Amino acid sequence: MTGPSSKKSGAGRSRTGPVRDWSGRFGRAALIGIPLAVLVVWTLTPIVWAVLASLKEPLEIYESNALLPANPTLAAYRKVLAMDGFGRWLFNSALVTVVATFVPLTISVLAAYGFARYAFRFRHVLLLLYLVPRIIPRVSLIVPLNSLMSDLGLINTYWVLFITYSASAIPLATWILVGFFASVPKEIEEAATIDGANMWNRLRRVMIPIAWPGVVTAGVLCVREAWNEFAFVLALVNESTMRTLPYQLYVLKDAMGVQDYAVYNAFTVLTILPLLLVYLLLERRVVDSIVSGSVK
Amino acid sequence: MDAPFVALQDLRKSFGTTDVLHGINLEIPQHAFVVLVGPSGCGKSTLLRMIAGLEKIKHGRIVIDGEIVNRVHAKNRGIAMVFQNYALYPHMSVRENLAFSLEMLKTETSEVERRIKTAADILQLEQLLDRLPAQLSGGQRQRVAMGRALVREPKLFLFDEPLSNLDAKLRVEMRAEIRALHQRLESTTIYVTHDQVEAMTMSDIVVVMNAGRIEQSGPPLELYDRPATEFVAAFMGSPAMNLLRGRVVRADGAPAVDVGEGLFLPFDDRAGVREGMEVVYGLRPEHLAISPDPASGLIGEVALVEPAGWETHLHADIHGRRFRAISTERLDVTPGSRIALAPDPTRVHLFDGSSGARL
Ligand SMILES: Nc1ncnc2c1ncn2[C@@H]1O[C@H](COP(=O)(O)OP(=O)(O)OP(=O)(O)O)[C@@H](O)[C@H]1O
Ligand SMILES: [Mg+2]
């Protein structure tokens with residue numbers, strides 16, 4: 001795809017004729033730009049729509065088809081923030097996300113290092129088995145998980161969320177990290193061994209820093225998974241104080257007598273917002289790591 | 001004579017079912033610069049890694065400075081290793097690369113500073129200490145890798161093809177630099193390469209390996225002048241020795257080797273060589289004298305001329321057999337020219353036709 005287009009726009013050829021140059025540059029821009037624009041519109045439309053809807057007055061959405069709010073107002077946000085449990089739900093989401101990011105990351109770093117560096121029996125089989133939890137449809141796990149967790153008396157506790165969220169993130173994080181660790185040349189670790197670094201020091205001082213983009217990538221994906229997780233919390237928690245934001249968003253639909261779409265969308269925006277902030281904060285590193293990971 | 005500084009005793013190594021080393025025995029005196037050379041896959045790296053402590057030793061013994069190190073951890077063997085791809089820590093500055101091993105050994109800060117300064121002085125790294133490896137040229141990375149070995153003040157330096165990633169000019173420079181460093185520090189060094197020119201020019205002792213065995217070891221010129229096997233004869237020297245199979249005959253009382261096609265190659269009589277023996281006849285290109293007078297030797301037809309400046313390499317066919325010859329004269333020949341080639345019978349090497357051993 002880039003072959004012919006990059007040939008056309010090559011610096012050496014630009015002098016052969018302005019028309020050709022122009023079409024070449026234009027062609028190249030179109031080739032990259034159009035799909036990119038489609039993707040951006042595709043991704044952003046629902047978010048923009050939700051933001052606009054959240055700024056409308058409660059019944060406006062039923063009365064007018066206009067995309068833009070007639071009298072933009074933050075009333076809906078005030079209502080959401082004034083909700084009785086909002087602080088608690090936000091806290092719940094944040095807590096399980098932090099735990100379900102750091103626990104899986106820690107376990108995955110150790111596991112991935114083992115998979116990447118030690119040739120043990122059944123290594124490949126084990127690595128494949130690692131994926132099973134992600135291959136099985138989540139809904140099919142819910143009934144057995146629910147009865148297991150009831151037997152353990154963990155329903156409606158943070159523990160049940162920590163355990164299930166972490167368990168579902170570990171395979172993903174491990175697979176990402178195995179690739180990153182395996183791509184670090186073995187000689188670098190051997191040099192560290194000769195330099196006197198034990199396994200812990202090699203991991204901490206050499207492997208993790210070199211594979212850091214991979215760790216960040218895995219971490220961001222863990223955050224995303226935990227923040228968005230819905231099926232587990234729905235199945236394993238029923239007290240309102242234990243809900244997370246996505247769960248409450250789901251409940252909200254039924255909880256409000258009259259459908260207040262502005263409030264509903266304000267809640268949606270507030271649910272997405274923290275995740276967007278994490279992305280924006282780490283965007284450079286994640287993009288770097290995805291690119292470098294694919295080139296290597 | 002002193003006890004050897006490094007002794008390898010009947011070292012064997014297999015990976016799964018493939019045997020890679022078949023019983024290596026070698027003694028290395030202190031301060032020596034030893035070059036392990038051999039074709040790709042012959043087990044040089046494996047041997048070096050066993051000495052370094054990166055491969056388990058299941059059979060045989062390694063002694064360094066009077067101590068059996070089979071069970072000694074790599075970091076405690078008093079060695080330092082320079083890898084082919086440098087293996088610098090890419091996330092650390094040059095200074096941190098140099099300091100890492102000392103930090104692992106919990107060396108005092110002032111001592112760390114002193115050693116980094118010494119290494120940086122010797123290798124001209126002062127200006128580069130705050131850079132990352134990615135910001136260095138190939139030659140600079142090479143020097144940092146050596147610096148990292150230097151700060152450990154090792155008893156034994158190990159190099160695994162350290163120059164093979166450099167371009168030809170830089171390689172020649174670094175070769176000289178490594179030799180100069182050795183002359184200055186006098187630390188015992190084992191240096192792996194597959195380049196026989198490096199082996200010849202750098203070593204005090206060359207060890208030629210082939211298929212997991214040592215073919216011959218000794219001073220480079222000794223190997224050049226008296227190769228113990230056909231393999232060593234073929235491997236050492238560039239352009240390579242002329243080697244031809246044939247049968248020992250006596251033509252008019254003078255011994256010669258009949259290599260077929262009616263071609264008889266003369267040699268000086270020597271003990272252990274009898275008529276009728278199957279042998280390999282070896283003659284270095286510089287011992288095949290070229291004369292423009294067609295009456296004075298074997299008549300050859302020039303196939304290829306390679307002027308190398310101060311000498312000229314010739315490929316010529318005699319009775320359909322290709323020979324290499326060197327002349328330091330400027331020759332006025334072109335492909336197709338007929339010339340006379342005279343083997344020097346006193347410089348002929350003979351090897352047993354089946355075992356390849358020197359006769
Ligand atoms: N970890 C390993 N597992 C299996 N076989 C190996 C391993 N390491 C080396 N070998 C095999 O052992 C043989 C010797 O390898 P080694 O790397 O020592 O060769 P070398 O002489 O250093 O070659 P080169 O000049 O190409 O570096 C090769 O046939 C190689 O395939
Ligand atoms: Mg090697």
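Thr193(A) makes contact, defined as heavy atoms within 4.5 Å, with Arg202(A), His73(B) and Lys75(B), with residues up to four places away in sequence left out of the count. This is a predicted model, in which local features need pLDDT of at least 70 and side-chain atom pairs count only at pLDDT 80 or more, while totals for chains, interfaces and linings use all residues. Residues are numbered from 1 along each chain as its sequence is written, chains are lettered from A and ligands numbered from 1 in the order in which they are written, and side-chain values use heavy atoms, with hydrogens and water left out.

**Setting of Thr193(A)**

- Thr193(A) lies in helix 10 (residues 186–194) of chain A; helices are DSSP runs of H or I with at least four residues, strands are runs of E with at least two, and both are numbered from the N terminus.
- Thr193(A) counts as buried because its relative accessibility is 13%, the term meaning under 20% relative accessible area with a 1.4 Å probe and protein chains only.

**Ligand 1**

- The residues surrounding ligand 1 (a heavy atom within 4 Å) are Phe15(B), Val20(B), Pro39(B), Ser40(B), Gly41(B), Cys42(B), Gly43(B), Lys44(B), Ser45(B), Thr46(B) and Glu161(B).
- This shell divides into 4 nonpolar, 5 polar and 2 charged residues; Ala, Val, Leu, Ile, Met, Phe, Trp, Tyr, Cys and Pro count as nonpolar, Asp, Glu, Lys and Arg as charged, and the others, Gly among them, as polar.
- Helix 1 (residues 44–52) of chain B gives the most to the shell, with 3 residues.
- An oxygen atom of ligand 1 is 2.8 Å from a polar backbone atom of Gly41(B).
- For side-chain N or O atoms, the distance to an oxygen atom of ligand 1 is 2.8 Å at Lys44(B) and 3.1 Å at Glu161(B).
- Ligand 1 taken alone exposes 630 Å², of which the protein buries 57%; accessible areas come from the Shrake-Rupley method with a 1.4 Å probe.

**Strand pairing in chain B**

- Strand 19 (residues 338–343) pairs with strand 15 (residues 288–291) in the antiparallel sense over 4 bridges, where pairing requires at least two DSSP bridges.
- Strand 16 (residues 298–307) also pairs with strand 19 in the antiparallel sense, over 4 bridges.
- Ala340(B) in strand 19 is the bridge partner of Ser291(B) and of Ile299(B).

**Chain B overall**

- Chain B comes to 8 helices and 20 strands, and 51% of its 359 residues count as buried.
- The C-alpha trace of chain B spans about 80 × 45 × 40 Å along its principal axes.

Technical notes
Buried means under 20% relative accessible area, exposed over 50%, partly exposed in between (1.4 Å probe, protein chains only). A polar contact is a pair of N or O atoms within 3.5 Å; within protein, one must be able to donate a hydrogen and the other to accept it, and residues adjacent in sequence count only if both atoms are side-chain atoms.
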